[in-house]
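Please look over the sequence and the model first, then read the notes by topic.

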Amino acid sequence: MVHMLKLPDDEHSYWKDTISKSSYPVIEHDIEVDTVIIGGGITGLTAAYLLKESGQTVAVLEKNTIGSGTTGGTTGKVTSQHGLMYAELSERLGKKTALIYAESNQAALKQIAYIITKEKIACQWETEDNYVYTAQSKNIEKFKSEAKVALDLGLPASFEDQLPLPFKIKAAVKFANQAKFHAPNYTKGLAAAVNGSGSYVFEHSNATGISDGSPCQVKSGHATITAKNIIVATKMPTAPLIARAACAIVEYPQTSYIVAGKLDSPMKGMYISPDKGHYSLLPVTDGNQQLLLIGGEKHIPGLGSPSKRFKKLANYAQEHFGISSISYKWKAMDYLAYDELPLIGKMYPWSKHMYTATGFKKWGLSTSMVAGNILRDLILGQQNPWAEVFDSTRLRPITSIPHAAIKYIKS
Ligand SMILES: Cc1cc2nc3c(=O)[nH]c(=O)nc-3n(C[C@H](O)[C@H](O)[C@H](O)COP(=O)(O)OP(=O)(O)OC[C@H]3O[C@@H](n4cnc5c(N)ncnc54)[C@H](O)[C@@H]3O)c2cc1C
């Protein structure tokens, strides 16, 4: 008889519980920098790091603590394989778009690894193969086609029919040499590199008044930051209402759930499946034990019961991996553009010096690096070969609302 697993009473992210201890001051005085960045998650800190590396002075304002937003509630896979996507993307938006998506995210992996080595960031970076799998025979041809398209795009893809998982699968696409890491600790490492020499990181510093112009100004408490550019790296702007409304016509939020429990036998690889009742899997080394993170049960915020969703994930952990105790449970939210491409560039079509990066569809650990490169180049007036595909002022997210609605209903 399968006995009922007990879940923790409170929600805690494993990552937030194990984040390295370091802190930054609250902004109290007026300052002037080249670029002010609102949001101290992986997106804001990556852009800040790349701008500082290019000679700019920057200030990062975080209303809570570094890495405490969605970056602290993530899974931790760094990969260019964002589910089963390349065959569909290539067909829907063309091969050139699929190629840029593939190339930019694969390049992000290398660039993140390079920064971790250069800045000596302790963030449990480990190379892992990533897999998308199906347990249904009817999907085999689809998976063969995905492997072929991904390989044609230059990705390290192969078709597989067996996986080192404790249950049978029918087909999988493997991307070799992807990675996993402790995303909030990586973000903290970026913050340490950003802070100093005329650049700043502030915590518990909520950006309120934001004014785009020449110069730009951002208010926080009694302090004003004057800058040539603003990057809003908060996913959806928290205020004013008009900004939220403008974003809602191009992207929508999704909440997902994660549980973590101790594995009895070691596990390699990172996994995800589009099948109903299958989830995202990531084994994580925690001291001398391995925890398995199981994530899924996505939905539009406000619909459904969190406790039922946590229980479904816990039951899956028990049935498929024999996990007998759940140590962590948490949920987090990310945004998806209606055409399923991240939104990177000017905040609004009429923005002068205000930029954003959002709509990462729960794959922002690699695409925040793509965003950082594009935003740096836009701010410095440099050409960027990926910028057009991800341009945040494109019209396609709005015309893709019916596509997104149909896909959501079917999922
Ligand atoms: C459950 C789940 C699992 C995921 N797993 C993966 C994965 O395995 N691989 C992957 O690539 N991606 C994954 N993602 C996606 C990835 O985690 C996100 O895309 C990424 O962390 C977003 O980072 P961010 O910096 O844009 O946002 P955040 O981390 O949310 O940072 C934004 C910051 O802005 C701050 N802020 C907001 N308003 C203000 C203000 N007014 N003033 C100052 N600060 C403000 C917030 O406090 C916050 O810290 C996952 C997402 C979810 C939800």
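What radius of gyration would a compact globule with 411 residues have, and what does the protein have? The model is predicted. A compact globule with 411 residues would have a radius of gyration near 22 Å, and the protein has 21 Å, which agrees.

**Overall build**

- The protein contains 12 helices and 17 strands.
- Taken along the principal axes, the box filled by its C-alpha atoms is roughly 65 × 45 × 40 Å.
- Of the 411 residues in the protein, 49% are buried.
- Counting contacts between residues at least 6 apart in sequence, 77% join residues at least 24 apart.

**The largest nonpolar core**

- The largest nonpolar core has 119 residues, and those touching the most other members are Val36, Ile38, Val60, Val259 and Leu375.
- Helix H9, residues 364–380, gives the most to this core, with 8 residues.
- Apart from residues up to four places away in sequence, leucine 375 touches Ala47, Ile231, Ile344, Tyr355 and Ala357.

**Helices H4 and H9**

- Helix H4 (residues 95–119) packs with H9 at an angle of about 90 degrees, and their axes are 8 Å apart.
- The two helices, H4 and H9, are therefore roughly perpendicular to each other.
- On the H4 side the contact involves Ser104, Asn105, Ala108, Leu109, Gln111 and Ile112, which meet Ser366, Thr367, Met369 and Val370 in H9.
- By class, this contact of H4 with H9 has 5 nonpolar residues, 5 polar residues and no charged ones.

**Threonine 79**

- Threonine 79 is in the loop between strand S3 (77–78) and helix H3 (86–93).
- Threonine 79 counts as buried because it has 25 C-beta neighbours inside 10 Å, and the cut-off for buried is 20 or more.
- Beyond its neighbours within four places in sequence, threonine 79 is in contact with Asn130, Phe175, Gln178, Met270 and Ser366.
- One of these contacts, serine 366, is 287 residues from threonine 79 in sequence and 6.5 Å from it in space, C-alpha to C-alpha.

**Tryptophan 125**

- Tryptophan 125 lies in the loop between H4 and strand S4 (126–134).
- With 17 C-beta neighbours inside 10 Å, tryptophan 125 counts as partly exposed.
- Its contacts, leaving aside neighbours within four places in sequence, are with Ala113, Ile116, Ala179 and Phe181.
- Tryptophan 125 is 107 residues from valine 232 in sequence and 27 Å from it in space, C-alpha to C-alpha.

**Backbone details**

- Serine 214 and proline 215 are joined by a cis peptide bond, with omega about 5 degrees.
- Proline 215 is in the loop between strand S8 (210–211) and strand S9 (216–220).
- Asparagine 177 is not a glycine, although its phi is positive, at about 55 degrees.
- Asparagine 177 is part of strand S6, residues 171–180, and counts as exposed because it has 12 C-beta neighbours inside 10 Å.
- Glutamate 340, a residue other than glycine, also has a positive phi, near 70 degrees.
- Glutamate 340 lies in the loop between strand S15 (326–337) and strand S16 (343–346), and is buried, with 21 other C-beta atoms within 10 Å.

Definitions and conventions: Residues numbered from 1 in each chain as written. Predicted model: local features only at pLDDT ≥ 70, side-chain atom pairs only at ≥ 80, totals over all residues. Core = buried A, V, L, I, M, F, W, Y, C linked by C-beta atoms within 7 Å. Helix = DSSP H or I, 4+ residues; strand = E, 2+ residues; numbered from the N terminus. Contact = placed C-beta atoms within 7 Å. Axes fitted to C-alpha atoms, helices over the stretch in contact; angles between N-to-C directions. Parallel < 35°, antiparallel > 145°, perpendicular 65-115°, else oblique. Nonpolar A, V, L, I, M, F, W, Y, C, P; charged D, E, K, R; others polar. Rg over C-alpha atoms; globule rule 2.2 N^0.38 Å.
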